[in-house]
There are 2 protein chains.
Amino acid sequence: ATASAEPLAMVREALRWRLARPVLVDVSDDDDTDAVFMEAFRLGADVVTANKKPLAGPLDRYRALRAAAGTHARLLRAEATVGAGLPVMDTLEMLLATGDRLVRAEGCLSGTLGFVMAQLEEGVAFSAAVAEAVRRGYTEPDPVADLSGADVARKAVILGRLSGIALAPAPVAARGLVDASLAGLPLPALLDKLRALDAGFAAQVAAAKRDGRVLRYLARVEADRIEVGPEAVPLDSPAGRLQGTDNLIVFTSERYESRPLVVMGPGAGIEVTAMGVLGDILRIAAERR
Amino acid sequence: ATASAEPLAMVREALRWRLARPVLVDVSDDDDTDAVFMEAFRLGADVVTANKKPLAGPLDRYRALRAAAGTHARLLRAEATVGAGLPVMDTLEMLLATGDRLVRAEGCLSGTLGFVMAQLEEGVAFSAAVAEAVRRGYTEPDPVADLSGADVARKAVILGRLSGIALAPAPVAARGLVDASLAGLPLPALLDKLRALDAGFAAQVAAAKRDGRVLRYLARVEADRIEVGPEAVPLDSPAGRLQGTDNLIVFTSERYESRPLVVMGPGAGIEVTAMGVLGDILRIAAERR
């Protein structure tokens, strides 16, 4: 809570002069802004977040956050946390509001990892694919944050919680492309380490190809399990057909059962993330009118 | 207007005992319910429609409808008119509300025609594909309503109007798979006529295949032109990869330019159409709270 002392004080100060319909927007990368959100709810503000961390922490903290929103009749929206501006949360919300029940949400939630998997498919060595992703600015400053799968796991947890599929403490099985312990290495040293993985990935890609499959970094959210990791999927499936850095979310529900509802497109970038945030603010404004 | 006399009277009667937030829902197949909508606006009701016809008629009538909604500060929602429950209109609305500008909306808007094109791709004769679509209950009572492209053209016009892409009287170039003059024939007689087209379609499919393409029934909405008809598209494109009766909508905008935003899934059926209608009612309820 120490880390939040300053944002907390700022929020308290700002909400002393209450606007008619105050909305707190979190575009930070801070860990514990859920405490700030709860204070904002108490002071009469709704919350929009592009920051995944306050929604993907321990389940009891997420439940407390939801309870606080309920107690103070406040809204919490998070479209930009998964797929940036793509209509992921909106679609989820509409399915649930109209009485559907989600069975499974799965897809490719990282443009960075999508790019790396596509490079592997084209025969590029893993270390070279990562180097190219870094060169193009697709990765976090420390690429291990992407490669370890931690960021995708957060998105999967948020999908599970907001969809109501995985409200219980579902076990999260997250397999990274690399071990999280590599975090913090300077880039040349990291790429050196990654070279040791090149042959292994090439063998996996070749084995998948023999089965008419391709490797994709998948997130799958079901009632009793959240899985995140590389997987060989049929070439002729929505994930298999995905190109470049596009994101993909496939919703299977009671209503969309034999054929799923699919949303696809660029899932990262400043403009489309800003769209997700602004869209949430506009929805709140419309409801508070 | 004679045809609307009864609905008009019903709406007037119902709205005499005004609910707090009345919503008129059109799930009819009537031609001129735009007159009923305007009366509903005047009497203080919002409107939700699954019926395409009142939005796809002459442009001046659509403009008058919009003007009436504006004058009386009423809402008009039509999610179910394109893609049933798929988030097509919602996505469009969110793109525009957050300041994006649509460049193009294109896709496959008919599950029936999607099925027929997929059958052609598999080598089934055109007349046999239509017979099978009828047998499975995919078509309107008179299959010519689907095959002439009139229904898809209506959806394209609605997309153009609601997206603001084609608010001017854009020319609509609609090519059907069969001529609309075949309407009204008994099924055996119709299938007899269609057999004369089998060889032509088989040749088109074969020619497309030689180019790495497949035939799809496409709708394309741009500022200066709305096109609807069969087209040979690359196998490796969103439309080319489409399967079965799924619908596909591809939005290209200033923000989603190099890579489009794609929505895909079942676009017909009672449950998913009801979802589109109920979702619109819930959005109105939220905004009128």
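Start with helix H6 of chain B, where B:Arg135 and B:Glu132 both sit, three residues apart, which is about one turn of the helix. Their side chains meet in a salt bridge, 2.8 Å being the figure for another pair that I will come to, and 2.9 Å, N to O, the figure for this one. This is a predicted model, so please read every value here as computed from it. In general terms, side chains of opposite charge can pair when their charged atoms come close. Over all chains, a search of the whole structure finds 50 salt bridges.

Staying with H6 of chain B, residues 126-135, let me turn to its packing. Which helix of chain B has an axis that comes within 8 Å of the axis of H6? That is H9, residues 187-195, and the two axes cross at roughly 150°. An angle over 145 degrees counts as roughly antiparallel, so H6(B) is roughly antiparallel to H9(B). On the H6(B) side the contact has B:Phe126, B:Ser127, B:Val130, B:Ala131 and B:Val134. They meet B:Leu187, B:Leu191, B:Leu194 and B:Arg195 in H9(B). By class, that contact has seven nonpolar residues, one polar and one charged.

Now chain A, with two helix pairs.

In chain A, H6 again covers residues 126-135, and the partner I want to show is H5, residues 111-121. Their axes come within 9 Å and cross at roughly 140°. H5(A) and H6(A) are therefore oblique to each other. The crossing is right-handed. H5(A) contributes A:Phe115, A:Val116, A:Gln119 and A:Leu120 to the contact, and H6(A) contributes A:Phe126, A:Ala129, A:Glu132 and A:Ala133. Those residues divide into six nonpolar, one polar and one charged.

The second pair is H2, residues 34-42, with H3, residues 59-71, both in chain A. Here the axes come within 9 Å and the crossing angle is roughly 15°. H2(A) and H3(A) are therefore roughly parallel to each other. Their crossing is left-handed. From H2(A), the residues in contact are A:Asp34, A:Phe37, A:Met38 and A:Phe41. From H3(A), they are A:Arg61, A:Ala64, A:Leu65, A:Ala68 and A:Ala69.

Last, the interface between the chains. The contact takes 33 residues from chain B and 33 residues from chain A. About 3,300 Å² is buried between the two chains, and carbon and sulfur atoms give 57% of that area.

As for charge pairs across the interface, the count between chain B and chain A is two salt bridges.

Notes: Residues are numbered from 1 along each chain as its sequence is written. Chains are lettered from A and ligands numbered from 1 in the order in which they are written. This is a predicted model: local features need pLDDT of at least 70, side-chain atom pairs count only at pLDDT 80 or more; totals for chains, interfaces and linings use all residues. Side-chain values use heavy atoms; hydrogens and water are left out. Axes are lines fitted to C-alpha atoms, for helices over the stretch in contact, and angles run from 0 to 180 degrees between N-to-C directions. Helices (H or I, at least four residues) and strands (E, at least two) are DSSP runs, numbered from the N terminus. Angles under 35 degrees count as roughly parallel, over 145 as roughly antiparallel, 65 to 115 as roughly perpendicular and the rest as oblique. A crossing is left-handed if the near helix is turned anticlockwise from the far one by less than a right angle, and right-handed if clockwise. Contact means heavy atoms within 4.5 Å. Buried area is the accessible area (1.4 Å probe) that two parts lose on being put together, summed over both. A salt bridge is a side-chain nitrogen of Lys or Arg within 4 Å of a carboxyl oxygen of Asp or Glu. Ala, Val, Leu, Ile, Met, Phe, Trp, Tyr, Cys and Pro count as nonpolar, Asp, Glu, Lys and Arg as charged, and the others, Gly among them, as polar.
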